[in-house]
Amino acid sequence: MAGRFLGKALATVSVSVALACVTVRSSGCRSIPAYRNSFSSCWFHLNTGTMSGSNGSKDNSHNKARTSPYPGSKVERSQVPNEKVGWLVEWQDYNPVEYTAVSVLAGPRWADPQIRNPAGRTGLVGRGLLGRWGPNHAADPIITRWKRDSSGNKITHPVSGKHILQFVAIKRKDCGEWAIPGGMVDPGEKISATLKREFGEEALNSLQKSSAEKREIEEQLHKLFSQEHLVIYKGYVDDPRNTDNAWMETEAVNYHDETGEIMDNLTLEAGDDAGKVRWVDISAKLKLYASHSQFIKLVAEKRDAHWSEDAEADCRGV
């Protein structure tokens, strides 16, 4: 997801984030300058129910955004307990650490530094590694196929009785975690173009190919990305780079190669910000970067594929 300098993200605020204008009377609240005429209260709200953990707790959707040290640094966040994450909770002694990476400070400044993270406190103010105040927009292409045996038949999981789905995963160079290949949306770029471009750069190493090879890759990618697809998630991401003033939002889209023929014509090769790339079996055992495991779970549910080895739970989709 770090594919392009984050300061190049879209200037528009994602429609997936609901800015709620409320009046809160609390001695712990302070006036916030208007942001795009959207609000002047001391908080705004985002429904994070989709990204909650299996136990339904919203705490699980705002954990990585509170981890220390901050990525790429030795900066420790101020500790924020679960019960004080929300902006509506009065906390007069809240004193978050301020940090913006030197590389980010060297770039242009956008939006209002007073805008607040929709999911709550993170223990750190500033932009961190993110180029934009407020939402920094990304796109995550989830490319899937059915796992098949040597005869080409779909493989069924022995416990759940459902077919096993695979997706293309990359190992990020910056943190060593496995993730969905994706990156930042360039100014004026359509999400569909970002999805295709980032997959080509990170999973096929298209930037290092010859002109003839690039044309062949583009032809196959056009077949894959022009077919029907599923928008899995749009909105806030629980990302370790998030701060009180800057955060990640993404659109995760699933492109499924039902027969596997399209991807058979493409050779996976890590490129750009990816250290490794491979097909990975989808299951509840996956440990992925940021909120990517939750996106993958949603894909398994949508495709009615295997997820959990608990057959009963798998049938319930939990």
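This is a predicted model: local features need pLDDT of at least 70, side-chain atom pairs count only at pLDDT 80 or more; totals for chains, interfaces and linings use all residues.
Who does Lys162 pair up with? Its partner is Asp304: the two form a salt bridge, with the closest N and O atoms 2.9 Å apart. Asp304 sits in the loop between α5 (292–302) and α6 (311–316), while Lys162 sits in the loop between β3 and β4 (165–172), so this pair ties together parts that are 142 residues apart in sequence.

Take Glu269 and Lys209, whose side chains meet at 2.6 Å, N to O. This pair also links distant parts of the chain: Glu269 belongs to the loop between α4 and β9 (274–281), Lys209 to the loop between α2 and α3, and they are 60 residues apart. Glu269 is partly exposed, at 31% relative accessible area, and Lys209 counts as partly exposed too, at 21%.

Next up is Lys285, which forms a salt bridge with Glu309, the closest N and O atoms being 2.9 Å apart. Lys285 lies in the loop between β9 and α5 and Glu309 in the loop between α5 and α6, so parts 24 residues apart in sequence get tied together. Lys285 counts as exposed, with 61% relative accessibility, whereas Glu309 is partly exposed at 42%.

Now step back to the whole chain. The protein chain has 6 helices and 9 strands, and 52% of its 318 residues are buried. Among contacts between residues at least 6 apart in sequence, 71% join residues at least 24 apart.

Let's zoom in on helix α3 (residues 211–225). Its 15 residues reach 20 Å from first C-alpha to last, close to the 21 Å expected at 1.5 Å a residue. Which residues of α3 are buried? They are Ile217, Gln220, Leu221, Leu224 and Phe225. These cover an arc of only 125° around the axis, which puts them on the same side of α3. Here's the general idea: an α-helix has 3.6 residues a turn, so residues three or four places apart point the same way. The buried residues of α3 pack against β3 (134–146), α2 (191–203), β8 (246–256) and α4 (261–264). On the face turned away from that buried side, you'll find the exposed residues Ser211 and Arg215.

Finally, look at α2. Its buried residues include Arg197, Glu198 and Glu201, and Arg197, Glu198 and Glu201 are linked with Asp186 and Glu189 in a network of salt bridges. After α2 comes Asn205, whose phi is positive, near 55°.

How values were computed:
Residues are numbered from 1 along each chain as its sequence is written. Side-chain values use heavy atoms; hydrogens and water are left out. Helices (H or I, at least four residues) and strands (E, at least two) are DSSP runs, numbered from the N terminus. Buried means under 20% relative accessible area, exposed over 50%, partly exposed in between (1.4 Å probe, protein chains only). Contact means heavy atoms within 4.5 Å. The expected span of a helix is 1.5 Å times one less than its number of residues. The arc is that of the directions from the helix axis to the C-beta atoms. A salt bridge is a side-chain nitrogen of Lys or Arg within 4 Å of a carboxyl oxygen of Asp or Glu.
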